[in-house]
Each structure stands twice: as structure tokens, then as C-alpha cells.
Amino acid sequence: MQDSRLLLVDDEQAILHMLCTILQREQFRNIDTASTAAQALERCRSYTYDLILLDVMLPDRSGFDICPLIRETTDAPIFFLTARSTDLDKLSGFALGADDYITKPFNPLEVAARIKAHLRRHKGSQPVPVQTIYDFGRIKINTSAGEVTVSGKRIDLPAQVYQLLLFLSKHPNQLFSKSQLYEHVWGEEGFGEDNTVMVHIRKLREKIESNPSSPCHIITVRDLAINLFRKAVFMNIHRRFIFQFFVQLITVFVLFFIILISFWAFLGFSMMDFESKQDLSKAEDYFVSDHVSFKDGKAFFKEELKSLAKEQNGWLLAINETGDVLGTFNMPDKAPKKLKKSEIAAITYGESSEAHYTYWKIGTKPHFVLFGKAKAETKLLNQISRRVDWKQQKLNLSENAEDEISRRNAWVQLIAPEGNVVDEYGAKNQPNKYSVRKLFAEQDTEGSTPAVYFDQNTESAILLGIPADNKASTLEKSLFESLNRSLIIIFVMAFLLLLGGTLWYARKFGVPLLTLMKWIQNLGSGLYQEPADVHGNPVTLSRKGKLKRKFRIYKELITTLTQLTETLQQNEKQQRMMANTREEWISGLSHDLKTPLSSISGYAQMLASNDYTWSEKETKEFALIMAEKSDYMMDLLEDLTLTYRLKNNALPIAKMRTDLNEFIRRIIIHYINDPVYQDRTFHFTPHPESITASIDPKWFQRILDNIIANAIKYNPPGTAISVSLSSIEEHLIVINIKDDGIGMDSVTLGKLFSRYYRGTHTGETGSGSGLGMAITKQLVHLHGGTINVQSEPQNGTLIRIMLPVN
């Protein structure tokens, strides 16, 4: 056994030292060690070993992952030496090819005995027989010639696809995850490379499967829950799609209705403007205000207003609140300088016998604009009344009066005291006798302007009626009636359009979308194949190979479905990783407790054994290692307690006003004076002025110690570490801790403050519990501050802490 060559793989240097010590006492002289999976694989490629002792929880890769790779190179016994002690872990280890499974803590004497027993039974290493022909019925693989035949016909495969086929052939009837396949075939960490694996599997299926869409050699196992979910989606997608487009059409309809209402308002405004131009007396205030201006006690009328007043045989008059005339236009007589209050009263209450007035109030300082128009009926009535023979009860109309009455299409009647019509002219449709009710009804008749002259002596009256100019009102009435009919038609058409559009949208967009959803289902199932019709042709393409019209709207979506697949796969993998994070952390914690305990227990058993005699130097060395591991376990338990207290807000903080310049200076001086750190350079840049903050000195020192310790631990000798103190105005204090070391990659940077991320192992000098940076962040937040990290590989690291002044 003295010539047997052993390989010990563990990330705990104390355990490697202990095992080497006891095995050397057992006369083993050829012992190699490795601390990482990469070193172990390199050793196995370079040397032939008689027995391999392999830890599971290595810093770069799991021992479970590299065991099959080692087994491909040798049939030497492989012992798993690990803190993972569940039955499932043990069964997994043996299934991967292990010959023994030893859990921590262990007795090193027992390990040595097991190694000797296996070596006695295993006489030297035998070369692993290399199989050159793999026969799977219609598929045959000749590894010596590098040839693959399917049904007797040779096929050509790309190099990576061939390596994938070869690996699967060596491990028939086994289940591998996508990441495992990537690690074994590509030889790299498989995180985020699921799409690469599935692309190569698809290519391999196309070469060796009779029907790639329904494979029988390479099977993808899927989750039943996903299939049930997709079924539910397809049951409801049609209804939800119709509802979605119905909502969109309702939105369009509402917008159309708003536009219609706006058009209606604009039309009403235009009609009022048109009415104002037809009859200025019916104009609104805003119309007159826009056409009149006042300046320096004078009124100015715009040309449009003047033109309208002249066309309607009227005149304009502007006055102020005292009756002073500020401006006139087209007055029939000489314009007065001022109107008396009695005149204004007559105008206001419509008692002017000569003219009809309309007035508007303009502006906040009362100005008034009056539009006057001669009362044609009054003038004509006065002309008729002068020629009436009251005694004979005859109108005696002059030719001029008859012409005027005819021109205006008017009529005139002479009414006796009893209401009988004794004489008339042009009154074809008027009654021959008037009652009281009839007289009142005549006054309310639309389309005419009646005027009356009463003679006191004979108690007779002249009734004159002149039809009003109602072109504008007739036009308005006709227009409103037409619009009302059109509005009903528009609403009916809009409803029919809504109904027809819903059905059209459902067919136009629903059918292609269901096809695309089926395509996405195939992609999610690992089948990178477009849905096909009954003839096997892609449903989205025409016979000429062009995209069908109904699918053109989804052209961009069709071209990006592969990217969607990659995103879904990454999300699914991240969810699985998050679900396993806590379990992995607990497993890691168990490893961190059992590993140092293995050293303590192992050295204690070695010292207690009667079979060995240890020198004083060796005894002191063993005791020093045991003390170191005891301190480590104590620190780990304290960190766990602190993490729990921080998480539950149960950590008391005793803040006090502290001079930060002096506080940080003392911490840096401690590191400078420590001989252990003589190979590092420290520099402190204080704030130019004295600066204080409310901190708990004990826990804030823990924050800075954690950060500086990590900068020392993870960087090579000669690294320069600088700490600076500055402020932002008078509100924030900034502490920068910077080093020029090796930096961090994006993965490490993203998980730096995670309580479940393990960036170290217990065998490193000065290593902590793996909880330091998580505790640091929690303590900074407890002080009301923030912490930020910037780092790039080979460009150093900058950690910035910001605290409020108060």
C-alpha cells in the first residue's frame, strides 16, 4: 500500500492536513490534495490514482457533478467525504458511482481503516473498457470511426451535436436537466444556457428521429401542471379576446360620440352667429363684444357690425353708465350727446313709439351698446289713422298706403266697439269679428307683428298686421329637424358597426392569435416547430411560402418567438433556484458547522488514540487548529444570532454623537499596526472639517471591519485600500472604501448582500461565516443609511456608505 497514490479533495485545509497526517502515519507516501473541483479534474487527467477522497460542497462545483467525469477516466474507488448526511444525498452519491460515503464529523482513524480495506480488495487501477460501438436498433454509433448511421445510412452531425449524442448514448435511460447536459457536453457552468441545449437537441432529433415532433429516442419530460394551465388558457382565450376588442370598439365609439357632440356644439355656435347676422337684435353678448371697443372715452365699431346695422336699416349707439354718448353710427337724426334717464327708461322697457331698441352690456365697467330700428308698423299706422273717416267707419287708404301694405304683404282692419270689422284691406285670412279671446290670441300669433291705433272719441280701433321676416328661424327649424333625423340614423349605424366590427375583429385577430398561442405552447414544451395544417405545411404560410394576409399583423411577433422561449426558460430556472435557495443555505450552514467540528473531533480522536505517539510540536499544532475552528464556530453562531435579531428588529442600538474623522482614523491605524496586514497598504482621507454623526460605535465599527476585512481577504498581497470621508452639502455623510484589487463579476456583485449567497469556505485564512456583508447592509439600514457597491473584474471595488447628518 505504500505505493498507492491517493487524491484528497476538500476545501477545508485543516481536514486535508489532518487526513494527510494520519495517512502518512499509515505509511502512505503518495498523497495529492486539491481544494477545488477544477484542481481535482486536472489532477485526474494528469495522474492515475488508486483511491480518491471527494468532498461534495466545493467552492466552484459540487462533488456530485464531477464524480461522473472522474469515473469516465478511472475505476478507482471514490469516497464521498461530506457534511450532507440525508438518505437522499447518500443514495445520490452511490448512484453517481461512489464506493463509500462518509459523513462529517468523522473519525480519521476510521477513514484510514476504510481506505486500507478498499485498497486491499482493489488490486491496482484497471483501465476502463472503452466501448467503441453503441447499438440502439436503427441507430448505431462507432466512436472509433466517429461515424453515426440511421437505418444503415450514414449521417453527418456537427461536432457539438455529435458530442451530445455520444454523451446520451453512454448514459441510456437516465434523466438529465438542461444545465447538467450543458456542463457535461460543453464543459462549462450551465446557468442560462437552456436554449443552447434545446437547439442542439432539436437538431439531433431532426437527424435521428423518424418523426421529430413525436420523438421516441430523446424524450422531454414536462410538468403536468403547465399542461393543465395551458389548457385553461386555451379554453378562455377566445372569450377574453372578443371582450378585449369589444372594449376597444366601445372606446372608439365613445370618441366618435365626443366628436359628434363637439360638431353639434360648433354647429349651434355657427347658427347663433348666422342668426346674429340675419337679425342683429338677436345677437349674443359675445358677438357684440367682439365687434366694439372702447378707448379714451370713445366707442369704435368694427366694419362688420356697421355693415350689418346698415343692411338691416338700423343704427348703433354706445353710452356709458351716466348716459353719455360715446359713439354712434347711421343715426336717422342728429346724434345726441347724452341720453336722459327717461329716454333710457323708454328704450329699456320698449316704450319708444318711434323705434325698437336692443341693448347689450359690455365689459366690467358698464358700457352699453344699443341697436335701434325704426318701427315700420307704427309709421304706417300713423299714416293710415290720419285718413280714417271715423264717423262713416271708412279707412280711406291713400294709394301710397295701399302700395306699402301690399309690398309688405300686410293687412289692416277697422274694428267697431262691439268687435265687428267694419272695413278692411288685404285681410283675406283674418276674422270678421273679434272676441276678447281672439284679440289675445292675435297678439300671440307667430310670424306677424300686430299694431293697434285706438280712437278715444269713437272707441274704434285700427288693427294692422305685418308679417315678420322669419327666414332665419325657418332655416334653423329645418336644419334642426334634419339633424335630429340624421342623429338617429348615426346611432343605429354606429351600433350595427359595433356589432359587425366585434365579429370581424374576433375572426381577423382571434384565429391567428390562437394559432400563435399554440406555437408558443410548442416552444414552451421544448418543440421548436411551427404548428402545421393537415398536410403538414406551416399554417402561417401560403402555398407560395409567403406569410398569409391574416398573419401579417403579427409579423414581428412571429420573428421573435424564439427570444420569448429563451426568456421563459430563464425565468423558470430562476424560480427553481429561488425555491431551492433556503434549502441550499441550510445545507451550507450544516457544512460550515460540521466541517470545523470534523477537525476538532478528528484531532481529538487522534490525540486520544493509543496507537499513535505525537510529539509536543504536533500536539500544539493540533491544539491550535482545534482552537481556531472553535473560534470559527463561535463566530458563526454569533453571526446567526445577530442576523436573526436584525431581521426581527430586536437589536438595541445606542446611538451617540461621534467624531467620524477620529473614529475611522483609529480603525485604520489598527489595521496598519497589525503585522498580519503588512503586505497591504492603507490610506485614510479625513473630512477637511470636524464632522459628527449619531452612530452606535460598536455596530458601526462592525460595518467598517466587515468591509475592510473582505477587501483584505479577497485581494492579493500589495492591494491598496483607501478610506475617505466627505459630505454632500449639510445633509449627507459619505464614506468611501476603495481597493485596487481583482474586483467582482456581475454575478457576485448581484448576490453580495444575499443572506443565502456563499462566497467563501471555512478553509480560507480569516474566513467568516458567509453572513458578513448581509449583516453589514442590515446594520447600515439600522443607522438610517444606504450602501452601494461598484466593481468590475480587475478594476477594484468601491463601496459607498451614505448616512444622514441628523
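Is Arg-407 buried or exposed? With a relative accessibility of 59%, Arg-407 counts as exposed (exposed is over 50% relative accessible area, buried under 20%, partly exposed in between, with a 1.4 Å probe and protein chains only). The model is predicted, so local features need pLDDT of at least 70 and side-chain atom pairs pLDDT 80 or more, whereas totals for chains, interfaces and linings use all residues. Residues are numbered from 1 along each chain as its sequence is written, and side-chain values use heavy atoms, without hydrogens and water.

Arg-407 meets Glu-404 in a salt bridge, 2.7 Å from N to O (a side-chain nitrogen of Lys or Arg within 4 Å of a carboxyl oxygen of Asp or Glu). Both residues belong to helix 14 (residues 399-407), and because they are 3 residues apart, about one helical turn separates them (helices are DSSP runs of H or I with at least four residues, strands runs of E with at least two, numbered from the N terminus). Glu-404 is partly exposed, at 23% relative accessible area.

The whole structure holds 18 salt bridges. One of them pairs Asp-10 with Lys-104, the closest N and O atoms being 3.1 Å apart. Asp-10 lies in the loop between strand 1 (5-9) and helix 1 (13-25), and Lys-104 in the loop between strand 5 (100-103) and helix 5 (108-121), 94 residues apart. Asp-10 is buried, with a relative accessible area of 2%, and Lys-104 is buried, also with 2%.

A further salt bridge joins Glu-26 and Lys-116 at 2.8 Å, N to O. Glu-26 lies in the loop between helix 1 and strand 2 (30-34) and Lys-116 in helix 5, so this pair ties together parts 90 residues apart in sequence.
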